[in-house]
Amino acid sequence: MMTEPVNYPQCRIVPMRLLSPDTTKRLLDKVVKVQGIRRILLNGQNIPLLVPYGPARGKENKTNLRKTIEIAGNVVDLHVQVGTITLELDDSSVIPELRAICDAFFVDFSYYIQEGRFMKTRPSLVDYAKYGPNADKEVIGLVDPKRKENPTIINLSNERVCGGCEL
Amino acid sequence: MRTVTERKPQFGPGTSVVAINRRKQMDPGHKLTVMRSITDEDIVLLLGHRAPGASFKTMHPPLAEQQEPDCPMRRLVKPTEGALHGDRVRYVQFADSMFNAPCQPYQRTYAEMYRFRGIDPGTLSGRQIVECRERDLEQYCRLLIETEMFDPALVSLRGATVHGHSLRLSEDGMQFDALQRCVLGKDGMVRYVKDQIGLPLNRAVEVGKPLDQPWLREHATIFHSLVGTALRDDGEYVEYLQRIHTLRTRYGFIPREA
């Protein structure tokens, strides 16, 4: 069965610096309040729990780049140092509001907002293999289907959902 | 007629500030500016090959105790201090950010080959490893960390998990490091809290304050059209690269310059 493609507009916030967990939290606290955002995806460089290579392989990786942050009452375990924030919107009229938030937020370094297609909008073969024909559309594009951990969907109304790097 | 001894090496082409900086680093006759000081113990801690104060482990007896064969080459080439004592071979690896870090992997290898003896460098796009006798390594590390070839924010010692040279910088201007071996303190000092392979140190090692952007632009050894000097602005360098490219392409077809 072919799933109908959903063509919601998407945009991507690209700061010129990689964001710390605290800055990510402050930015998302403002962004999630905007009406008309369907899904948010945080991309960035993975911060491993254990040292992945070398003689210290397997030892604990002590760092303050990997933190649990709270966004609008939802607790999210950040796995990455955030580099881009991709948003799926109800319609593109939300973008000027996002731009206004970012203009006020990014004062120490610049950023840009790109409009385009940054998330999958229909299941791939691998999605089909993992989720089957009746995959939850909200999950598609948010998370690598090969990943062992479950994806996280957080709504403003949710009280507590554990997380990966997705919102 | 000029003799060979009158000739001076050119080290590299180019008229831009990047080319000049590259030549300065490569020229062993040029004294590099010392920007910071670091103790012997700190270097030992950063490298993580031996405990501070521990003796050097050896891979063969000192040369003085060995029966050296009568070899003209051995009479000609004096052993380094590490080889003389029979030290084992150890390494240091640096990752250099593309955002105007004062040294870059290929440049690092060129400079080390001109300045150091008894080394075996390995050069990759974002990192450069150099192997040599442990005693020599610690001595060479001092130059690599204390002089203008190092910036605490943009250059870092990374034995493994080196990813970060081509990424955007972190908010605080530090090069991305998944293991966060060094941190920028509130006082503006950069401190290593882990050794180069990512094992936590018993005490932090201070390596100074990050250098400011104007200084980094003036001392860059990488062309970068957005944050520094563009390669195309250096006509001589472009001409040199085009010549090399042409000759390499024609190689095998009897390369001859027109």
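Modeller: In this predicted model, E70(A) stands opposite V75(A), a residue of strand 4 of chain A. The two strands concerned, strand 3 (residues 68-71) and strand 4 of chain A, run antiparallel and are joined by 4 bridges. Between the strands of this hairpin there are 2 residues, and A72(A) takes a positive phi near 50° there.

In chain B, an open sheet is formed by 3 strands in the order 5-6-7, with antiparallel pairing. Its edge strands are strand 5 (182-184) and strand 7 (200-206) of chain B, each of which pairs on one side only, and from one strand to the next the twist averages 25°. Strand 5 of chain B is joined by 3 bridges to strand 6 (residues 190-194) of chain B, the two running antiparallel, and V183(B) has R191(B) in strand 6 as its bridge partner.

Positive phi values in residues other than glycine also occur in chain B, at T161(B), near 55°, and at F11(B), near 70°. T161(B) belongs to the loop between strand 4 (155-157) and strand 5 of chain B, and it counts as buried because it has 21 C-beta neighbours inside 10 Å, where 20 or more are required. F11(B), by contrast, lies in the segment before helix 1 (17-26) of chain B, and counts as partly exposed because it has 18 such neighbours inside 10 Å.

Notes
Residues numbered from 1 in each chain as written. Chains lettered and ligands numbered in written order. Predicted model: local features only at pLDDT ≥ 70, side-chain atom pairs only at ≥ 80, totals over all residues. Pairing = 2+ DSSP bridges. Axes fitted to C-alpha atoms, helices over the stretch in contact; angles between N-to-C directions. Buried ≥ 20, exposed ≤ 12 C-beta atoms within 10 Å, placed from the backbone.
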